[in-house]
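This report is for a reader who is new to the structure below. Please look over the sequence and the model before reading on.

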Amino acid sequence: MNKKRLSIVILLAFGALLLTACAGGGGRGSSWPGLAADGQYAYLSDGGQVYGVDLSDGSEVWHYPAKASPPKLVFYATPVVLPDGSILIGSAGTDSCMHKIDPSTINAQDKTAAGTCFFDGAKDHWIAAPLVMGDVIYAPNNDGFLYVIDATKGSLLWSLNVDGHLWATPVSDGKTLYLSSLDHNLYAVDIERRAVIWKTNLGGSITGSPALSEDGQTLFVGSFGARVFALNAQTGTVLWDAQTDGWVWGGPAVREGTVYAADLEGQVYAIDAETGTITWTVKPVSSDSPNRAITGTPLITDQGIIIDTESGEVCRVDFEGKAACIAKLTKGKVYTPAIPAGELILVAPLPTGAEFFLSAFSPDGDSVWHFTPEK
């Protein structure tokens, strides 16, 4: 990996660990925002505050808290929408609380949503979004612990010291939980036994979530060892590994027997899920571009996969490997993966140098709206 790519990784890694020092004037920080959406709203965590944004026109519906207060409260994790409509998000600030926001209770004068510190048992920053299954929350923390929390009461059901820094949302088949760690290991946790049943060292830090095959038998994951792996989900045995040009920051995505992944060199890969053979590779952005890194998980759509690059391009790659960049932000760098929201594609740039907090594009790349808070 060249020095440019390495500097990006160091910036991101240390930026995440030092979030409390990054949040400055106006509550914005310098790390990547968290972004989620449902049928009506987008949810953006951006330093000192979390925002609810109307998908129809990009207007602000609510924000939390009423006033940004870093370094106590700093939000960069991806918001999670609970079945009751409340929003769950952990703070990377000094309080280390997981907050629960109630958008149904909004102050009409200043559009402030009500919220509370829902769980405060962690010892460090919340970088990853939790996994919610039924009435149980599975929350990995930067302190190396997996916290299992009652989703209605916020009480701790149990915890497990997995080790390393945990930055990725776990995946599960309902019985086993799979966790990525910066200590180079992928962990399998038996939920009923509350214990690690296997761990596999993949030769590099793992910052993205693993992907589980439809039959639940195979895991796919990328690592800073510049590889994408397939593992037996029951035993952790490596079935194959595919070499990549650069480190793989985001998780892979799987569709109809093909694994799609992207790396910090700006390369996108299609890999046969059974054999590990690379079917095709493509760089959506020219190799001459100095900011072509792809840090997110590829977004699978009916027309192909969507990725966004560090320099702000939104690109579509069809399932045959033909790439076209359909939109570009005029200012700001992008490390948060693009997400779908109905017919829209949402892109959240890094706060530093960005003109907008959030941008929405049509599937054809037309600009639909931009969001900037009202105050």
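Predicted model: local features only at pLDDT ≥ 70, side-chain atom pairs only at ≥ 80, totals over all residues.

## Nonpolar cores

The largest nonpolar core has 16 residues. Within this core, L35, L44, V53, L346, L358, W369 and F371 touch the most other members. Two or more residues of the core come from each of the elements β2 (41-46), β3 (49-54), β29 (339-341), β30 (344-347), β31 (358-361) and β32 (367-371). In soluble globular proteins, nonpolar side chains tend to be buried together.

Setting aside residues up to four places away in sequence, L35 has contacts with Y43, L44, T78, P79, T336, I339, L346, V347, A348 and L358.

## Aromatic rings

There are 17 aromatic pairs in the structure. One of them joins Y43 and W62, whose ring centres are 6.2 Å apart; the planes meet at 40 degrees, so this pair counts as tilted. Y43 belongs to strand β2 and W62 to strand β4 (residues 60-64), and the two residues are 19 residues apart in the chain. Both Y43 and W62 are buried.

Y178 and W198 also form a tilted pair, because their planes are at 40 degrees, with ring centres 6.1 Å apart. Y178 is in strand β14 (residues 176-180), W198 is in strand β16 (residues 195-201), and 20 residues separate them. Y178 and W198 are both buried. Elsewhere, one aromatic cluster is made up of W32, W167, F224, W247 and W249.

## Charges over rings

K123 sits over the face of F145, 4.4 Å from the ring centre. R255 lies over the face of F319, at 3.8 Å from the ring centre.

## Salt bridges

Side chains of opposite charge can pair when their charged atoms come close. The structure has five salt bridges. In one of them, the side chains of D84 and K100 meet at 3.9 Å, N to O. D84 is in the loop between β5 (80-81) and β6 (87-90), while K100 is in strand β7 (residues 98-107), 16 residues away. D84 has a relative accessible area of 57% and is therefore exposed. K100, at 15%, is buried.

R255, the residue over the ring of F319, also forms a salt bridge with E256, at 3.4 Å from N to O. R255 is partly exposed, with 26% relative accessibility, and E256 is exposed, with 66% relative accessible area.

A further salt bridge joins R292 and E265, with the closest N and O atoms 3.2 Å apart. R292 is in the loop between β24 (278-282) and β25 (299-301), and E265 is in the loop between β22 (258-262) and β23 (268-272), so the bridge ties together parts that are 27 residues apart in sequence. R292 and E265 are both buried.

Which side chain of opposite charge is nearest to D190? It is R193, 4.3 Å away. A salt bridge needs a nitrogen and a carboxyl oxygen within 4 Å, and D190, although buried, has no salt bridge.

D190 lies in strand β15 (residues 185-190). Apart from residues up to four places away in sequence, D190 touches K175, A195 and I197.

Notes. Residues numbered from 1 in each chain as written. Heavy atoms only, no water. Helix = DSSP H or I, 4+ residues; strand = E, 2+ residues; numbered from the N terminus. Buried < 20%, exposed > 50% of the residue type's maximum accessible area, 1.4 Å probe, protein only. Lys, Arg positive; Asp, Glu negative; His and termini not counted. Contact = heavy atoms within 4.5 Å. Core = buried A, V, L, I, M, F, W, Y, C linked by side-chain atoms within 4.5 Å. Phe/Tyr/Trp six-rings, centres within 6.5 Å; stacked < 30°, edge-to-face > 60°. Lys NZ or Arg CZ within 6 Å of the ring centre and 35° of its normal.
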